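Welcome, and thanks for taking a look at this one. Below is a short briefing, grouped by topic, to read alongside the coordinates.

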Amino acid sequence: MIRDIFKRNKDKKEATIPSKAAKDMPEGLMTKCPSCKQITLTKDLTAALKVCPKCDHHFKMTAHERIDSLLDEGSFTSMDDHLVSENPLGFPGYTEKIRKDSEKTGLNEAVLTGSGKLLGQDVVVAVMDSHFRMGSMGSVVGEKITRAIEAATNQKLPFVIFTASGGARMQEGVLSLMQMAKTSVALKRHSNEGLLFISVLTHPTTGGVSASFASVGDINIAEPKALIGFAGRRVIEQTVREKLPEDFQTAEFLLAHGQLDAVVHRAKMQETLAAILRLHTKEAVHHG
């Protein structure tokens, strides 16, 4: 019996030793799903818009990946790529962290803004990228989004934003919080012109971003199972002294409680947005 135990342990140990083939496998060739643990070829996952083929888990996308999946090829023109964050509070290491994230993502800040065509329809877009300082909102993020909204207003175009953020950026203090009001005012002016604003909330959208421009769309959409909320679950539970539902702060929970208009699978996002845009163009209204 003891021999059997040692044999089983030996077999188990040998099974965990990676083979030479596994060692020689190029890094990044395969991607493991954090939800179902399915391992998929990275190129196949990318072709599937970074949605797990087994459990439908929506991986995070970079801003450039999102643009490529959404807008017509070659139609996107970015704006305000020259804006760079300062360090107004003299926060230690902040400037260096910004520089490293810029090199890693190819972005000047945590949001990519510009104009393009969505299945032939002109639109101004802003796409937040959680790979850059967790998509946190500093003064440049707020400024870029505001300028994009103003461009949409001046050109009489709809504005679409994809949010992904941990909230306001603490290294910029009140200058970060000011962006909540600035972006919201720009959206009000856009609305006063009778123009459409679609907000698409992706995982995660939290803090000051969820409490401002992310939640005030004419139409609010989310991706499946996206985390959406202001304060964290633990903080809320400690405050209200109640256990919250397991699906609390998910896109599906918000949809059931009237805070979203739809939860849309990434594979259907482009056609869904295109349909909404068509319904709100003057040509469609006149035709009707």
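**Around Glu223**

Leaving aside neighbours within four places in sequence, Glu223 is in contact (heavy atoms within 4.5 Å) with His58, Arg66, Leu201, Thr202, Ala251, Val263, Val264, Arg266 and Met269. Please keep in mind that this is a predicted model, where local features need pLDDT of at least 70, side-chain atom pairs count only at pLDDT 80 or more, and totals for chains, interfaces and linings use all residues. Residues are numbered from 1 along each chain as its sequence is written, and side-chain values use heavy atoms, with hydrogens and water left out.

- Glu223 sits in the loop between β8 (219-222) and β9 (228-229); strands are DSSP runs of E with at least two residues, helices are runs of H or I with at least four, and both are numbered from the N terminus.
- With a relative accessible area of 3%, Glu223 is buried (under 20% relative accessible area; exposed is over 50% and partly exposed in between, with a 1.4 Å probe and protein chains only).
- From C-alpha to C-alpha, Glu223 and Thr250 are 9.7 Å apart in space and 27 residues apart in sequence.

**Strand β4 and its partners**

- Strand β4 (residues 111-118) has six of its eight residues buried, so the rest of the structure largely encloses it.
- Strand β3 (residues 77-78) runs antiparallel to β4 and is joined to it by two bridges; strands pair if DSSP finds at least two bridges between them.
- Eight bridges link β4 with strand β5 (residues 121-128), again antiparallel.
- Gly114 in β4 stands opposite Ser78, and its bridge partner in β5 is Val125.
- Two residues lie between β4 and β5 in their hairpin, and Leu119 in the turn has a positive phi of about 50°.

**Helices α6 and α7**

- Helix α6 (residues 139-154) packs with helix α7 (residues 173-192) at an angle of about 5°, their axes 9 Å apart; axes are lines fitted to C-alpha atoms over the stretch in contact, and angles run from 0 to 180 degrees between N-to-C directions.
- That makes α6 roughly parallel to α7, a label for angles under 35 degrees.
- Among the residues that meet are Ile145 and Ile149 in α6, and Leu175 and Leu187 in α7.

**Cysteines**

- Zero disulfides turn up in a search of the whole structure, a disulfide being a pair of cysteine sulfur atoms within 2.5 Å.
- Cys33 is buried, at 2% relative accessible area.
- Cys36 is partly exposed, at 22% relative accessibility, and its sulfur is 3.6 Å from the closest cysteine sulfur, in Cys55, too far for a bond.

Note on methods: Parallel < 35°, antiparallel > 145°, perpendicular 65-115°, else oblique.
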